[in-house]
Amino acid sequence: MRASRFHLATLKETPVDAEIVSHQLMLRAGMIRRHAAGIYSWLPLGLRILRKVEQIVREEMDRAGALELLMPSFQPAELWQESGRWDQFGPELLRLRDRHQRDACIGPTHEEIITDIFRREVNSYRQLPVNFYQIQTKFRDEIRPRFGVMRSREFIMKDAYSFDLDKDAMQRAYDIMDQAYVSIFDRFGLDYRAVSADSGAIGGSTSQEFHVLADSGEDAIAFSDQGDFAANIETVEALPPSSERAAPNAAMETVDTPAMRTIDDLATGLGVSARQCLKTLIAEAEDGGLVALVLRGDHELNVLKAERLEGVASPLRLAQREQIVEVLGNDIGSLGPIGLEIPVFVDHSAAQLNDFVCGANQEDRHLVNANWGRDCAEPASVDIRNVTEGDPSPDGKGQLRILRGIEVGHIFQLGQKYSESMQATVLDEQGKAVYPYMGCYGIGVTRVVAAAIEQNHDDSGIIWPDALAPFQLAICPINYHKSEQVKQAADDFYHSCRQQGLEVFLDDRALRPGVMFSDMELIGVPHRVVFSERGLKQQQFEYKGRRDDSAQDLSLDDLDGFLQQLFPGQCRAD
């Protein structure tokens, strides 16, 4: 591809509304352009990379035996009503009516559609197993779309759905997809982790997420430093402390704590550590009342764990300030478990403390040297916190480490959730109608592009893994339009690369060398070759890899050998 025939729309300045590196670089490199919140067009450069992702996904899905189809974005409401998700999914589901006033939605996912296809097309166990997949545009009406295509409203996703006769067969299909995903992310060339996860709104039992590791990741993932355990932090069990709680050392006192509204304020003001303080959160109960959730001051509430407690409203809803004042007679900031007349759930680590600090349930007052069993009832402790770095691994092997990850894939065992609710059956060997077992397997295609940038960039721009790069090689001739010698050398090399099957980009624009080099580094082409009059006189060309610190001069006599070495097994004969 010649630059003069390619729309390369790079920007020198970083757009002010771009919050994270991938968003900034995708805009600066001319990969995407924004039309509305969470709505983007993919320009030619970005589309080349997007298609690379799609192609790898398609090849591995085909290799795993999945069959590609294409389902509609527009989905009739009655299918979602059959599954029970029309009212459950929430405002992210974009609902609308057509001209005949029939309810419909723009699909955020396709479990209902694929189940409808299955029940129309498959009726016998002899037609199983089957796995259908598509690569298609989805829409989720995010309340706050942000981070460019990382959390956009419209996005491209690969979703696959397997159907099997029983649980064992479903497990086999799941395992095949698991291995296919490993192959896909290995081919992407990304540093990733597969972790156990919560199934969320999709439903089902077993599920596993695939995370690209990056400091900007929205998800925290925990893994053992000595074993194979790895999981999204929201699902990881925080084991109770193994040691006995220490005995009280001092009498409980009430102290004035004006303007100490947070744990940090309290710890600083009283000269104690945050881990010695308790924080008491008030949430809505299932019966409309209130419950207290008590954690150590340095720990964070795990919402999924808390909303699974008996009597706690699900989804979890923290109580409003006005409701707390009305029911408890006290404002937030001075709440504590001692003397509360509502159900109290105490985290294991909080229940282990002695001589702790907590709210006195009086305005601007706290208790110091409070103790369970002496100053209040002994708590029945529960696990309601996120694990932290250094916690023991739930599998008993080593300690937990915490990394940030960007979720780019998720596989589920759905069981019979959708086949039962939508009455999709097949006849088994005895002629009996049975509900098949389903699996669901998604990859965020557009999100993979952003995640790859978050993991692979420097101050100059994007550093693509070879498999995702828009071009394999950039040719940057200096004074291409002024030197016939340079033009001839660049053109000859360009044609040679194309004849050998390489994706090559010839920058034939009339630009200064620094501008050319900056553009190639910004868009992340892995390899760069420079022709100049001075170099040609010395029978040399300049080469620099995108990850190299400096360029090197190489002999023109070995251009073909250079290509074979750079792209082993990829170059082909004329």
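Guide: Gladly, and let us begin with a term: contact means heavy atoms within 4.5 Å. Helices (H or I, at least four residues) and strands (E, at least two) are DSSP runs, numbered from the N terminus. This is a predicted model, in which local features need pLDDT of at least 70, side-chain atom pairs count only at pLDDT 80 or more, and totals for chains, interfaces and linings use all residues. Residues are numbered from 1 along each chain as its sequence is written, and side-chain values use heavy atoms, with hydrogens and water left out.

Visitor: Which residues of α1 and α11 meet?

Guide: V21, S22, L25 and M26 of α1 meet V449, A450, I453 and E454 of α11. The residues of this contact divide into 6 nonpolar, 1 polar and 1 charged. Here Ala, Val, Leu, Ile, Met, Phe, Trp, Tyr, Cys and Pro count as nonpolar, Asp, Glu, Lys and Arg as charged, and the others, Gly among them, as polar.

Visitor: Why are α1 and α11 called roughly perpendicular?

Guide: The axes of α1 (residues 21–28) and α11 (residues 445–455) come within 8 Å and cross at roughly 105 degrees. Axes are lines fitted to C-alpha atoms, for helices over the stretch in contact, and angles run from 0 to 180 degrees between N-to-C directions. Angles under 35 degrees count as roughly parallel, over 145 as roughly antiparallel, 65 to 115 as roughly perpendicular and the rest as oblique. Therefore α1 and α11 are roughly perpendicular to each other.

Visitor: How do you know that β4 and β6 pair?

Guide: Two strands pair if DSSP finds at least two bridges between them. Strand β4 (residues 74–76) is joined to β6 (residues 103–106) by 3 bridges, and the two run antiparallel. P76 stands opposite A104 in β6. Strand β5 (residues 94–97) also pairs with β6 in the antiparallel sense, over 4 bridges, with L94 opposite I106.

Visitor: What makes β27 and β30 edge strands?

Guide: Their open sheet has 5 strands in the order β27-β26-β28-β29-β30, with mixed pairing. β27 (504–506) and β30 (552–555) each have a single partner strand, so one side of each is left without a neighbour in the sheet. On average, neighbouring strands of this sheet are turned by 25 degrees against each other, direction ignored. β26 (residues 473–477) pairs with β27 in the parallel sense over 3 bridges, and I475 has L506 as its bridge partner in β27.

Visitor: Which helix lies across β26, β27, β28 and β29?

Guide: That is α13, running at about 170 degrees to β26. Helix α15 (residues 559–566) lies across β26, β28, β29 and β30, at about 10 degrees to β29.
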